[in-house]
Amino acid sequence: VVRFFSEAVSGRGTIVSMTVNHKQWLPGLKVPYVVALVAIEEQHDIRLIANIQGVPVENVFIGQEGEVFFEQTADVWVPLFRPSES
């Protein structure tokens, strides 16, 4: 079943898969960093790939809850996730 949202979602989600990347693909890119598959709270079968920030890589785990924030790169706003405060 696919649902289409006609209103804003919460921005919260849960890490369902992740990897720690140690390769510096771009100059200035800080390594290591976490790339995760995040299931959104409103519909767990909708998943986003995002970097996890705001916590050391060794403290990121599958099942961890987080929230989206956006960072502007040139004229694009990139969605990133960080662990929830609670």
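A charge sits over a ring if NZ of Lys or CZ of Arg is within 6 Å of the ring centre and within 35 degrees of the ring normal. The legends below describe close-up views of a predicted model.

**View 1. K23 over the ring of W25.** K23 lies over the face of W25. The distance from the ring centre is 5.5 Å. Aromatic pairs are absent, with 0 in the structure.

**View 2. The largest nonpolar core.** This core has 8 residues. I15, V34, A36 and V38 belong to the core, as do A50, I52, V60 and F81. Two elements, strand 2 (33-40) and strand 3 (43-52), each give two or more residues to this core. Strand 2 supplies the largest share, 3 residues.

**View 3. The cavity.** A search of the whole structure finds 1 cavity of 30 Å³ or more. The space in the largest cavity is about 50 Å³. Strand 1 (12-21), strand 4 (65-73) and strand 5 (76-83) are the elements that give two or more residues to its lining.

**View 4. The lining of the largest cavity, residue by residue.** The lining includes G13, T14 and I15, together with V38 and I52. Q64, E65 and G66 also line the largest cavity, and F81, R82 and P83 complete the list. By residue type, the lining divides into 5 nonpolar, 4 polar and 2 charged.

**View 5. Residues named in both the core and the lining.** I15, V38, I52 and F81 are among the residues of the largest nonpolar core, and these residues also line the largest cavity.

Notes:
Residues are numbered from 1 along each chain as its sequence is written. This is a predicted model: local features need pLDDT of at least 70, side-chain atom pairs count only at pLDDT 80 or more; totals for chains, interfaces and linings use all residues. Side-chain values use heavy atoms; hydrogens and water are left out. Rings of Phe, Tyr and Trp (its six-membered ring) pair if their centres lie within 6.5 Å; planes under 30 degrees apart count as stacked, over 60 as edge-to-face and the rest as tilted. On a 1 Å grid over the protein atoms alone, a cavity is a set of points where a 1.4 Å probe fits but cannot get out, and a pocket is an open set with protein on both sides within 12 Å along at least five of seven lines; lining residues have an atom within 4 Å of a point. Grid points are joined across faces, edges and corners, and a volume is the space filled by probe spheres set on the points. Helices (H or I, at least four residues) and strands (E, at least two) are DSSP runs, numbered from the N terminus. Ala, Val, Leu, Ile, Met, Phe, Trp, Tyr, Cys and Pro count as nonpolar, Asp, Glu, Lys and Arg as charged, and the others, Gly among them, as polar. A nonpolar core is a set of buried Ala, Val, Leu, Ile, Met, Phe, Trp, Tyr and Cys residues joined through side-chain atoms within 4.5 Å. Buried means under 20% relative accessible area, exposed over 50%, partly exposed in between (1.4 Å probe, protein chains only).
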